[in-house]
Amino acid sequence: MNTIINNDISYEKIISKPLENNIWIIFSKQTNKGIIIDAPPDFEKINQIISNLGTLKIENILITHNHYDHIDGIEYMYANLKNPVKIWIGKDDLDKLNEFSINKNDIKTCTENTNIKLNNTFVKFIPTPGHTNGSTCILIENHIFTGDTLFPGGPGRTSNSNDFEKIINSIENKLLVLSPNTLVHPGHGADTKIKTSKKEYEIFKYKNLEISKLSGNISW
Ligand SMILES: [Zn+2]
């Protein structure tokens, strides 16, 4: 099912293996060009996606971060898409991407100054270190694709308290400052809204926990 972002851009969500990862296909009706967010190693779903594209041309693949369940399908996707694509990833998550057999010229790193466009609509990269150092969220109009950085009810998993401080900093200063009606599309599971996350985060903050001692799977 397609959901409309603006009068030109729509998206489709595809739930895949191995961990109910969301793959997002975002496309322009007017130009029939699109992007894919994340490449989980679900080869059956990738085949299905490619055969359902029809005349839609995917020109860019955006990787939210370098964990296997978001990236290990990239070589297969890259090899089987019918037209040339560029692959985008946060600089600090680049190493993993270099392990795949992909032409280095087709790999691009993104920073907060990088914008690509889908026809007339900006696709903005928002670096949000924490879950991984190169974790990047993708903003299109009032839709933010958050990978494993922000979920309904809490942040993504962190492996130590230093990373937890980073993810909190990213969420507070890069995501919760977006318009309250921004829809949040995480890398797994259901959507939420920035205003809901903001309320949840305020309660968490009110608990006054020692952030420098937290990590792992934390709920707001
Ligand atoms: Zn992850």
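**Starting from a loop residue**

Modeller: L19 is partly exposed, with 15 other C-beta atoms within 10 Å. Keep in mind that this is a predicted model.

Biologist: Where is the place of L19?

Modeller: L19 sits in the loop between β2 and β3.

Biologist: What does L19 touch, not counting residues up to four places away in sequence?

Modeller: L19 touches D69 and H188.

Biologist: Which peptide bond is cis?

Modeller: The one joining K17 and P18, with omega at about 0°. P18 also belongs to the loop between β2 and β3. In that hairpin of β2 and β3, with 4 residues between the strands, E20 takes a positive phi near 50°.

Biologist: Now the sheet around there. What is the order of the 7 strands?

Modeller: β1-β2-β3-β4-β5-β6-β7, an open sheet with mixed pairing. The edge strands are β1 (2-4) and β7 (107-110), each pairing on one side only. From one strand to the next, the twist averages 25°.

Biologist: In which sense do β1 and β2 pair?

Modeller: Antiparallel, over 3 bridges, with β2 covering residues 9-16. T3 has Y11 in β2 as its bridge partner. The two strands form a hairpin with 4 residues between them.

Biologist: And how many bridges for β2 and β3?

Modeller: 8 bridges, in the antiparallel sense; β3 is residues 21-28. S10 stands opposite F27 in β3.

Biologist: What about β6 and β7, parallel or antiparallel?

Modeller: Parallel, over 4 bridges, with β6 at residues 86-90. There, I87 has I107 in β7 as its bridge partner.

Biologist: Next, the other sheet. Which order do its 6 strands take?

Modeller: β8-β9-β10-β11-β14-β15, open again and with mixed pairing. β8 (115-118) and β15 (192-193) are at the edges, each with a single partner strand, so one side of each has no neighbour in the sheet.

Biologist: How many bridges join β10 to β11?

Modeller: 3 bridges, and the strands run antiparallel; β10 is residues 136-140. L139 has I144 in β11 as its bridge partner. E141 is in the loop between β10 and β11. That residue has a positive phi of about 50° although it is not a glycine.

Biologist: Is E141 buried, exposed or partly exposed?

Modeller: Partly exposed, because E141 has 15 other C-beta atoms within 10 Å.

Biologist: Which other residue has a positive phi, near 55°?

Modeller: N208, which is not a glycine either. N208 lies in the segment after α6. With 7 other C-beta atoms within 10 Å, N208 is exposed.

Biologist: Switching topic. How many residues are in the largest nonpolar core?

Modeller: 42 residues. Those with the most contacts inside this core are I26, I35, I37, I61, I63 and I138.

Biologist: Pick I35. What does I35 touch, leaving out residues up to four places away in sequence?

Modeller: I26, I58, E59, N60, I61, L62, L118 and V123.

Biologist: And D148, buried or exposed?

Modeller: Buried, because D148 has 25 C-beta neighbours inside 10 Å and the cut-off is 20 or more. D148 is in the loop between β11 (143-147) and β12 (150-151).

Biologist: What is D148 in contact with, leaving aside its neighbours within four places in sequence?

Modeller: H65, H67, H131, G156 and G187. D148 and H65 are 83 residues apart in sequence, but their C-alpha atoms are 7.9 Å apart in space.

Biologist: Last one, helix α5. How many residues, and what does it reach from first C-alpha to last?

Modeller: α5 (residues 161-175) has 15 residues and reaches 20 Å, close to the 21 Å expected at 1.5 Å a residue. Its buried residues are D163, F164, I167, S170, I171 and L175. Seen down the axis of α5, these fall within an arc of 125°, so they line one face of the helix.

Biologist: What do the buried residues of α5 pack against?

Modeller: β10, β11, β12, β13 (154-155) and α6 (194-206). The face turned away from the buried side of α5 carries the exposed residues N162 and N173.

Conventions
Residues are numbered from 1 along each chain as its sequence is written. This is a predicted model: local features need pLDDT of at least 70, side-chain atom pairs count only at pLDDT 80 or more; totals for chains, interfaces and linings use all residues. Two strands pair if DSSP finds at least two bridges between them. Axes are lines fitted to C-alpha atoms, for helices over the stretch in contact, and angles run from 0 to 180 degrees between N-to-C directions. A residue is buried if 20 or more other C-beta atoms lie within 10 Å of its own, exposed if 12 or fewer, and partly exposed in between; C-beta atoms are placed from the backbone. Two residues are in contact if their C-beta atoms, placed from the backbone, lie within 7 Å. A nonpolar core is a set of buried Ala, Val, Leu, Ile, Met, Phe, Trp, Tyr and Cys residues joined through C-beta atoms within 7 Å. The expected span of a helix is 1.5 Å times one less than its number of residues. The arc is that of the directions from the helix axis to the C-beta atoms.
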